[in-house]
Amino acid sequence: MVNKIWGSFIVIGIIFCIMNNKIEDMNIIILESAKTSIDMIIKIFPVMALWLGIMNIAKASGLISKMARGLSPLLTKIFPEIPKGHESLSYISSNIIANIFGLGNAATPFGLKAMESLQTINKKKEVASRSMITFLVINTSCVTIIPTTIISLRMMHGSANPNDIIFSCFLATFISLIGGLIIDFFLARSSKK
Amino acid sequence: MNQISNLILPIIVLLVILYGFIKKTNLYDEFVVGAKESFDMIIMMFPCVLGMILGINLFLESGFLDIITRTIKPLFEIINVPTEILPISLIRPISGSASLALLNSIFTTYGPDSIIGRITSVIEGSTETTFYVITLYFGCIGIKKIRYALIAGLLADLIGIIASIVVVNMIFS
């Protein structure tokens with residue numbers, strides 16, 4: 001999908017640039033994009049390093065796993081089909097906590113583990129179970145406290161206060177999480193009938 | 001409200017360090033190890049960002065998008081939503097790097113502190129690359145029928161986008 005979209009961007013871009021007589025601008029853009037992307041990476045890099053450093057302390061001190069354990073009682077309500085104490089619950093909560101703290105790299109392995117574990121209690125192996133879809137919805141709403149990439153990009157563009165969107169981000173992801181779970185609940189119920 | 005946003009980061013850092021102190025963690029050593037991980041992430045990110053900046057910038061410069069935006073503009077004006085947020089909303093579920101490239105060009109044009117800059121920041125921060133997550137997670141355990149997963153994921157993204165517009169308008173105006 002991404003391959004086709006990227007290809008179309010470039011094909012449409014070049015054809016329409018020629019049609020709109022923007023040939024010189026087009027040349028500048030092709031060469032400038034290399035510079036823009038390295039600028040972006042260089043600006044994102046230090047903020048990301050800083051955050052991963054802080055979060056590694058939280059991982060090593062056991063804070064992250066402690067918070068993941070605290071999440072379990074809530075999860076048994078969201079995932080009624082998972083038997084109590086099943087290992088998938090601990091993977092799911094680790095994935096959610098890692099996502100909240102912006103540890104994308106740590107969240108993905110937990111997410112894959114959670115899916116594998118959910119597959120062991122799935123009755124039809126080729127069909128997504130209700131729990132799998134609920135977990136997916138939680139992942140796509142992705143509650144994050146500190147969106148590091150966005151903050152560093154705002155910094156790079158000279159924002160007066162790059163952090164001032166943190167609270168709005170948190171509120172918006174929280175709303176989309178709750179909304180997503182409600183939608184998931186009703187879709188699951190209607191698909192059963 | 002701004003005060004809350006400004007306090008979140010320092011308070012989290014304080015809590016993490018305090019907890020580490022109590023648990024006698026090697027604070028500085030662990031910080032260095034964690035920060036080092038960013039090298040791998042950046043190296044992985046660079047080619048994706050490069051490709052997407054090239055694609056998005058050519059696409060934006062061509063004027064193709066202006067034709068589409070002009071057609072839907074009246075519809076968006078009725079509900080009082082800037083059309084500029086449309087491209088990023090459409091691209092976000094498909095590619096993270098592409099939406100980041102779009103965010104970059106929006107910041108260049110409108111500035112990160114404009115209302116459009118803020119709404120798109122929050123959209124980027126509150127939605128996910130749903131298609132990628134579905135392909136990755138379901139692909140690796142061999143699920144063939146995803147049932148209502150895509151609809152549910154995309155609807156959750158849509159709620160995130162609407163929530164972003166409402167929340168930013170409430171807090172910053």
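Biologist: Which side chain does B:Asp113 meet in a salt bridge at 3.2 Å, N to O?

Modeller: In this predicted model, where local features need pLDDT of at least 70, side-chain atom pairs count only at pLDDT 80 or more and totals for chains, interfaces and linings use all residues, the partner is A:Arg154. A salt bridge here is a side-chain nitrogen of Lys or Arg within 4 Å of a carboxyl oxygen of Asp or Glu. Side-chain values use heavy atoms, with hydrogens and water left out, and residues are numbered from 1 along each chain as its sequence is written.

Biologist: Where do B:Asp113 and A:Arg154 lie?

Modeller: B:Asp113 lies in the loop between α5 (96–110) and α6 (115–126) of chain B, while A:Arg154 is in helix α7 (residues 148–156) of chain A, so the pair joins two chains. Helices (H or I) are DSSP runs of at least four residues, numbered from the N terminus.

Biologist: Is A:Arg154 buried or exposed?

Modeller: A:Arg154 counts as buried, at 0% relative accessibility, whereas B:Asp113 is partly exposed at 28%; buried means under 20% relative accessible area, exposed over 50% and partly exposed in between, with a 1.4 Å probe and protein chains only.

Biologist: Which residues are linked with A:Arg154 in a network of salt bridges?

Modeller: The network links A:Arg154 with A:Asp164, B:Asp113 and B:Arg118, and within chain B the closest N and O atoms of B:Asp113 and B:Arg118 are 4.0 Å apart.

Biologist: Changing topic, what does A:Glu126 pair with?

Modeller: A:Glu126 forms a salt bridge with B:Lys144 at 3.4 Å, N to O.

How values were computed
Chains are lettered from A and ligands numbered from 1 in the order in which they are written.
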